[in-house]
Structure formats: C-alpha cells, structure tokens
Amino acid sequence: MKDETIHVKNILGLQLPTDPRWVDLTSISLEAILTDHAYCEQKAATTCISLIQRYSEYEELVSGLAPIVTEEWGHFRAVLNELQRRGLKLGKQRKDAYVNALLDFQTKGGRPEDRFLDQLLTMALIEARSCERFKRLSEGLNDAYLRKFYRKFMESEAGHYTLFITLAEKYLPKTKVRKRWKEWLEYEKQLMKDMEIRGDRIH
Ligand SMILES: [Fe+2]
Ligand SMILES: [Fe+2]
C-alpha cells in the first residue's frame, strides 16, 4: 500500500492515534519490543491457520489466508533474525492484554455468522493497529536500519487489514460489516485510552 493512502491522523479508520511517547519508550527496550513483535507475528500465523481449519468450506478465505500464514511466519523469522543479528534473545511470550480485551468483545453464542464476522474483524483491527504502530516506528526510531525494517512491516500489515475486510464483505452483507466495524473501532478507541503505554509491547 502506498504511503499517501495511509494517513497519520486516522490510519485505516482507527479512532485514536498512538501516543507519540510510545516510540521513545520502545527504543529503551529493544530486546523486549522485538520479542513481543516476534510473538505477534507468530500469533497472526497461528490464527490464520485456525481460521482455515474452522472455515474450510469458504474457498476464498482458505486461498486468501494460506499465503498470509507463510508471510506472517516470514515476519516472525525476520524479527528473530534481527534479534540474533543484534546479539539479543527471543524472550518468553507475555500475556497479550490488548488481544485478550479484543477477544472479550467478540460475540459469544448467537448466530455462527456473527461469530465468523467478529473473528475476521478482530484480525482486521489487530492488523490496522499493528500497521499504525509500525508506521510510528518507521518514522520515529533513531536507528535508520530499523526505520526501514519497520516500513516493510507497515506496508504488509496494511495489505492484511484490507484482506480481512474484503473477506468479511465477501461472505456477509456490506452494511452489516460496516455497522459492526464501527462498533469495533469505538471499542478499540476506549481500549487504547485505558491501556498503559508500555515500550516493551507492540500493543
Ligand atoms: Fe505480520
Ligand atoms: Fe499481518
């Protein structure tokens, strides 16, 4: 995705930009942020695999997500490589408060199509926020190599956000998708407001 389509103020519909102090905090704890980033990529790959298993009857979903699994795992490897190149270690996975709070908002019970929609929108939202965070890093880090490194991730996650929204609109009425997406954006805005700003986490 080209830069001009990704606006700083309101990236991919997100209602609240990241606090600018976050980027400075990440530079203090590079090992921790890279570790957290690596696991974000691993979780993205794992979740795409789960979606393929759960919704194997949706052919476009399967063929759309299959290459994303490879891409996300490639991202994991790129981050792992970056840790090793710097003599840093992949630490332990932490509890992901951001993702857990999003999972809390997912429709439980109810109609299967509503649960399906929420799973796709959860992924779209994580991709959108990750894209926004990577953009911040690509602009604000002191290290020129890392700025470039994060720019590639930013572009890739923007494409993933688009894919999840496109898949939702393929299988469900557009008006329904848009209505629910707005609710997700509102929820995420509040979540962002309430969450502590930590430099050792992507979200
Ligand atoms: Fe990724
Ligand atoms: Fe992604």
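**M195**

M195 sits in the segment after helix 7. I then asked what M195 touches, leaving out residues up to four places away in sequence. The answer is A97 and Y98. Y98 lies 97 residues from M195 along the chain, yet their C-alpha atoms are separated by 8.0 Å.

**Helix 7**

Helix 7 covers residues 174-194, which is 21 residues. I get 30 Å from its first C-alpha to its last, close to the 30 Å expected at 1.5 Å a residue.

Which residues of helix 7 are buried? I list V177, W184 and E188. They share one side of helix 7, because they cover an arc of only 35° around the axis. I note the general rule here: an α-helix has 3.6 residues a turn, so residues three or four places apart point the same way. On the other side of helix 7 I find exposed residues, including T175, R178, K182, E186 and D194. K179, E183, Q190 and K193 are also among them.

What do the buried residues of helix 7 pack against? I see helix 5 (112-140) and helix 6 (144-171).

**The core**

I looked next at the largest nonpolar core, which has 38 residues. L120, A124, Y161, F164 and A168 have the most contacts inside it. Helix 2 (30-54), helix 3 (59-85), helix 5, helix 6 and helix 7 each give two or more residues to this core. Which helix gives the most? Helix 5 does, with 12 residues.

I checked Y161 by itself. Not counting residues up to four places away in sequence, Y161 touches L12, A124, E127, A128 and C131.

**L137**

I stayed with helix 5, where L137 lies. Buried or exposed? L137 counts as buried, because it has 24 C-beta neighbours inside 10 Å. Leaving aside neighbours within four places in sequence, I find L137 in contact with V23, T26 and Y150. R147 is 10 residues from L137 in sequence, and their C-alpha atoms are 6.2 Å apart.

**The whole chain**

I counted elements next. The protein chain has 7 helices and 0 strands. From the N terminus on, I read α-α-α-α-α-α-α. The radius of gyration is 17 Å, close to the 17 Å that the globule rule gives for 203 residues, so the chain is as compact as a globular protein of that length. The C-alpha trace spans about 50 × 35 × 30 Å along its principal axes.

I also noted that 30% of the 203 residues count as buried. Among contacts with a separation of 6 or more, 78% join residues 24 or more positions apart.

**Confidence**

I finished with pLDDT. The mean for the protein chain is 92, and 95% of its residues reach 70 or more. Among the elements, helix 3 has the highest mean pLDDT (98) and helix 1 (residues 21-28) the lowest (87).

Where does pLDDT stay under 50? I find this over residues 1-9, for which the model has 8 contacts beyond four places in sequence. Where pLDDT is low, the predicted coordinates should not be read in detail.

Key:
Residues numbered from 1 in each chain as written. Chains lettered and ligands numbered in written order. Predicted model: local features only at pLDDT ≥ 70, side-chain atom pairs only at ≥ 80, totals over all residues. Helix = DSSP H or I, 4+ residues; strand = E, 2+ residues; numbered from the N terminus. Expected span 1.5 Å × (residues − 1). Buried ≥ 20, exposed ≤ 12 C-beta atoms within 10 Å, placed from the backbone. Arc of directions from axis to C-beta. Contact = placed C-beta atoms within 7 Å. Core = buried A, V, L, I, M, F, W, Y, C linked by C-beta atoms within 7 Å. Rg over C-alpha atoms; globule rule 2.2 N^0.38 Å. pLDDT = per-residue confidence, 0-100.
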